[in-house]
Amino acid sequence: MTTTSIAAPPSADLLEERLGDPYAPENPYGFTALHAARTAGVPFTAGRELLDSLGLLAGHRADAELLETLRAVTRRAPRLAWDRVPSGTAAEAVRIGAATGALDSGLRIALRHLHARRLYGAPAIDIPQLRAVLAGVFADLLLCDALTSASARGEDLSPTRAGVHAAAVRSFVPRAVQDALDRLSVILGAWFYIRQDERAAFQELLRDTQRALFGAGAVRIGPEPADLVELLDAPGLAGLCDPVWLAAAPSLRARAALPRQDALRDLYEELIRRYRAHRSFGLTCRPLPDRP
């Protein structure tokens, strides 16, 4: 494996355990219950009450523990997570970084769909072009996770060039997450428009993330730093994930060389390994209650 797993905080593991498998129809905190509340136009009170009772997102800190705990919520209900984020400039990186939780679920939903769908007499997941898209989304997720996690820990990946890392978090990450979700919606095809089960969940993940990152009252997004690619060689970033994997992120295509085919292959193999092992796709690679 060419990623360095960051230890998941106990609060994130506890929250995942209590929230349960989001794909289980009977789960009161799952996608089915969320969609029912949305359809009825009522607040998702069960989820709010659980979060309040656990107290894991209380307080006004903006750190790496809060970030990873929030991702356990954004995997299911991004809107519910944003309400728990403290205000202030320091918390903006946490708001942005937590969006990778929604991307994790979007990628997992796409994998579930492509494993079940058959095209030309074979599973759609076997089509090389679709595998390349999935590998690219995974690379984007890892890159965004590395940038935001380092920021939440108070690390500056470019200490000699003031503001480059902060600008990458505030400008590049939101656009990369949104672009990755858009690419997943394309490979889902017409299935994306069916408002049932996890299909409706993908639409809601996409809409809520877009609204949180770009809508009214969203974080302030500025211009992207021109020297963003140079961050890939930063020791702090390379220590989290292989720069060759990070350079395969499609969000960098306008700046970096085309990704190496062996990198896309390795990314896809690692993605499938985590999917089958019920592990998150982020740097913590933490166990999840999700089942195929």
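**Exercise: two crossing helices**

The axes of helix H7 (residues 99–116) and helix H13 (residues 261–277) cross at roughly 90 degrees and come within 11 Å. Classify how H7 and H13 sit relative to each other, then find the residues of H7 and H13 that make the contact.

*Solution.* Before starting, some ground rules. This is a predicted model, where local features need pLDDT of at least 70 and side-chain atom pairs count only at pLDDT 80 or more, while totals for chains, interfaces and linings use all residues. Residues are numbered from 1 along each chain as its sequence is written, and side-chain values use heavy atoms, with hydrogens and water left out.

- Terms: helices (H or I, at least four residues) and strands (E, at least two) are DSSP runs, numbered from the N terminus. Axes are lines fitted to C-alpha atoms, for helices over the stretch in contact, and angles run from 0 to 180 degrees between N-to-C directions.
- Angle classes: under 35 degrees is roughly parallel, over 145 roughly antiparallel, 65 to 115 roughly perpendicular, and the rest oblique.
- H7 and H13 are therefore roughly perpendicular to each other.
- On the H7 side, the contact (heavy atoms within 4.5 Å) uses Leu107, Arg108, Leu111, Arg112 and His115, and H13 brings Leu271, Ile272 and Tyr275.
- Sorted by type, the residues of this contact are five nonpolar, one polar and two charged. The sorting counts Ala, Val, Leu, Ile, Met, Phe, Trp, Tyr, Cys and Pro as nonpolar, Asp, Glu, Lys and Arg as charged, and the others, Gly among them, as polar.

**Exercise: the two sides of H2**

Which residues of H2 are buried, and which exposed residues does the face turned away from them carry?

*Solution.* 

- Set the cut-offs: buried is under 20% relative accessible area, exposed is over 50%, and partly exposed is in between (1.4 Å probe, protein chains only).
- Phe31, Leu34, His35 and Ala37 come out as buried in H2.
- They are on the same side of H2 because they cover an arc of only 160 degrees around the axis; that arc is taken over the directions from the helix axis to the C-beta atoms.
- Turned away from the buried side, the opposing face of H2 carries exposed Thr39 and Ala40.
- Zoom in on Leu34, a member of helix H2 (residues 31–40), which has a relative accessible area of 10% and so counts as buried.
- Skipping neighbours within four places in sequence, Leu34 is in contact with Tyr29, Phe44, Arg76 and Ala77.

*Solution.* 

- Side chains of opposite charge can pair when their charged atoms come close.
- Here a salt bridge is a side-chain nitrogen of Lys or Arg within 4 Å of a carboxyl oxygen of Asp or Glu. The structure has 19 of them.
- Arg75 and Glu16 meet at 2.9 Å, N to O.
- Arg75 is buried at 1% relative accessibility, and Glu16 is buried with a relative accessible area of 1%.
- In the bridge of Arg38 with Asp208, the closest N and O atoms are 2.3 Å apart. This pair links Arg38 in helix H2 with Asp208 in helix H10 (residues 197–214), 170 residues apart.
- Arg38 is partly exposed at 27%, whereas Asp208 is buried at 3%.
- Arg131 and Asp126 also bridge, at 3.2 Å, N to O. Salt bridges with shared partners join Glu16, Glu68, Arg71, Arg75, Arg76, Asp104, Arg108, Asp145, Arg286 and Asp290 into one network.

**Exercise: Val133 and the whole chain**

Is Val133 buried or partly exposed, and which residues does Val133 touch?

*Solution.* 

- Val133 is in helix H8 (residues 128–152).
- At 24% relative accessibility, Val133 counts as partly exposed.
- Not counting residues up to four places away in sequence, Val133 touches Arg183 and Ile187.
- Its C-alpha atom is 9.2 Å from that of Leu264, 131 residues apart along the chain.
- Now zoom out: the protein has 13 helices and two strands, and 55% of its 292 residues count as buried.
- Among contacts with a separation of 6 or more, 73% are between residues 24 or more positions apart.
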